[in-house]
Amino acid sequence: MIPRDEARALHDGVHTDPFSVLGQHDRGDAVIVTAFDPGATRMWAVMDGERHALARAGEGLGVFSGPVPRRGAYRLAGEGADGETWEIEDPYRFGKLIGEMDEYLLGEGTHQRIWQVLGAHVLAHEGIEGTHFAVWAPNARRVSVVGRFNLWDGRRHMMRRRGASGVWEIFVPGIGEGEVYKYEIVGADGRLQPLKADPVGFGSQHAPQNASVVRDIRGYGWKDDRWLSDREQRNMRTAPISIYEVHLGSWRRKVDEGNRPLSYREAAVELVDYVAEMGFTHIELMPISEYPFDGSWGYQPVGLFAPTVRFGPPHEFRDLVEAAHLKGLGVLLDWVPGHFPSDPHGLATFDGTHLYEHADPREGFHQDWNTLIYNYGRTEVQNFLVSNALYWLEEYHVDGLRVDAVASMLYRDYSRKEGEWVPNKDGGRENYEAIEMMRKANTIAYGAQPGIMTVAEESTSYPGVSRPVSDGGLGFGYKWNMGWMNDTLSYMSKDPIHRKHHHNQMTFGLHYAFTENFILPISHDEVVHGKGSMLERMPGSAEEKFANLRAYYGFMFGHPGKKLLFMGQEFAQPEEWNHNAQLDWRLLDDPRHAGIQHFVRDLNTLYRGTAALHYRDCEAEGFEWIDGGDAENSVLSWVRRGGPADPEAVVLCNFTPVERTAYRIGLPRAGEWREAINSDAARYGGGNRGNMGAITADGPAYHGQPHSAQVVLPPLSSVIFVSS
């Protein structure tokens, strides 16, 4: 029935085309069924209720073969040495599932939605429920899916190679949601690789276990249509955007339940309600793509298509996103296409070759993080990343992606010495292939999902990061202003007596503030690795630290650019962030910490409700200095403008501990100006010094403005006035 050498190859797990032998085949005038089961002593093909004996292909081999009356559906029955019997569907009787167009696009590396084809999909095939597995491993000699369902035996479910596409597939009947699996791969050299998690798997085991888990992500039943139709207005340059950055595992924990983090569903209530109450417009989640090591905070992902199971299964992550939308909040995800860890179950040497990463360590190894760098020049790898970006936007309705470590992708010599990097084809340092990947990801994302935003964490002066691809840019919607952050935090850390000598650190950012669509970030990176917390970086006595921090936040919210604060900064947590513990919420019993929280809430409310403070965040026409040169007094003053009919706002910052009771400033309009917020107000923990709620511009021209007024500037304060 079957040549012994082929039976031996099947039994030994080295057959390169098992579907050509196993299953149902015509042999002359006969229809033959061949099956493999190393635990069977006898086997039958069951067709129309009749058993048809299959003969063993050779002593000691688990291959059985025999005739059946006709082509058609059948099941396999077996008996073991101990007399145990079973009856199962034969995975080798089922036809192909990947269509020709999908196969062509996958092979070409232009399939924008690879997750719809690759990975593990629960479905009915030829009337039978099961799971379809498909994985890209072009250089493999053999690929099998293994799990508890087949005793982790790679001989039992060897997959079908799909032509030149490099894709392997198999339909495994009878398994579904929650099934644990990996891929067993024999490389081109005949060597068995470490078992691999699914690169396009939708779920994973809890760390430290690392197998993939079958997750049925169909049929959620979204109720956020109204949000999706309106979100473009909430993400555009003229909108107020104030982002609350969150590490979901340490925002709040259930201390009395083993100190566990909140689940997605718990966060859908507690986190969403809190962020909405605080007046932020968006939640940004640090990476939630599955990652093996807690200490990486998610920035070393292995399962790019799997929401981490630390907080629940995929549908429950959708619960969190939908809850945010129903509360009027956008959700951004940190996305990490710059590198991946070398864990043996991950992408490293996936099919026995450097498939996803560069082979040359000068291009493929990241020295800073001991990780591997994607081979962006490989079309299928570039497509893998671009498709992943679209996946989160489409399948989970997230409103944008903040792309991590863009500078490390832009430059081939990033953090490398001379001789440790490979120049581009023109001899330069720019990474053309990575640039193309980012441009493609932005173009496809914005084209497929209108109203989303992409944000670049980019720390150099690379031109056009937030300029459209059609105009020669990278195509991001926004860019983090890292220079502004570094300069201003350096200034704020100095003793006020020295600040007059560093005044330019607070003004320099305005020289380039409108060259990109900037977000002003005070992120998690500023409160870790010995940098200290925001509060502890401020100089002076305890009271002066709080006053400095309030003054700085007022400066930030009055400054052009969208806003971002990391969790805990809104109530001045004094300790560095610890990813293993929740924020110290008990601090809110202290009026000083509660005062900072009230101040941030009121800043958000003012920022959102005052067009002058957000409408032209990214346009030079929205900003004018009143006096940016008063270094001697460490005082800054400027005008913010919105649309033609919007009231103007004036921002004043006093960065010395000296109260200025008759400080004259020029104003663009006569009449009353409302004191919209004052960081020294008693409710914020200040000394309650100020302007009794308003000033009147009834003085002469001053500071190049047609009118002026005398104002009270409390020590270490920011005050914002809005015209009547």
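**Arg 252 and its rings**

I started with Arg 252, which lies over the face of Trp 585, at 4.2 Å from the ring centre. I checked the rule: a charge sits over a ring if NZ of Lys or CZ of Arg is within 6 Å of the ring centre and within 35 degrees of the ring normal. I then found the charged end of Arg 252 over the ring of Trp 251 too, 5.0 Å from its centre.

**What I am looking at**

I noted that this is a predicted model, where local features need pLDDT of at least 70 and side-chain atom pairs count only at pLDDT 80 or more, while totals for chains, interfaces and linings use all residues. Residues are numbered from 1 along each chain as its sequence is written, and side-chain values use heavy atoms, with hydrogens and water left out.

**Aromatic pairs**

How many aromatic pairs does a search of the whole structure find? I got 45. Rings of Phe, Tyr and Trp (its six-membered ring) pair if their centres lie within 6.5 Å; planes under 30 degrees apart count as stacked, over 60 as edge-to-face and the rest as tilted.

I looked at Trp 136 and Tyr 356: their ring centres are 5.6 Å apart and the planes stand at 90 degrees, so this pair is edge-to-face. Trp 136 is in strand β9 (residues 128–136) and Tyr 356 in the loop between β21 (330–335) and α6 (361–364), so the pair ties together parts 220 residues apart in sequence. Helices (H or I, at least four residues) and strands (E, at least two) are DSSP runs, numbered from the N terminus. Both Trp 136 and Tyr 356 are buried. Buried means under 20% relative accessible area, exposed over 50%, partly exposed in between (1.4 Å probe, protein chains only).

Next I took Tyr 244 and Phe 280, a tilted pair with 5.0 Å centre to centre and 40 degrees between the planes. Tyr 244 sits in strand β15 (residues 242–246) and Phe 280 in the loop between α4 (264–277) and β18 (282–285), 36 residues apart. I found Tyr 244 and Phe 280 buried as well.

**Gln 569**

Is Gln 569 buried or exposed? I found it buried, with a relative accessible area of 3%. Gln 569 belongs to the loop between β28 (562–566) and α15 (591–609). Leaving aside neighbours within four places in sequence, its contacts (heavy atoms within 4.5 Å) include Ile 522, Tyr 553 and Ile 596.

**Whole protein**

I counted 15 helices and 36 strands. Of the 724 residues, 62% count as buried.
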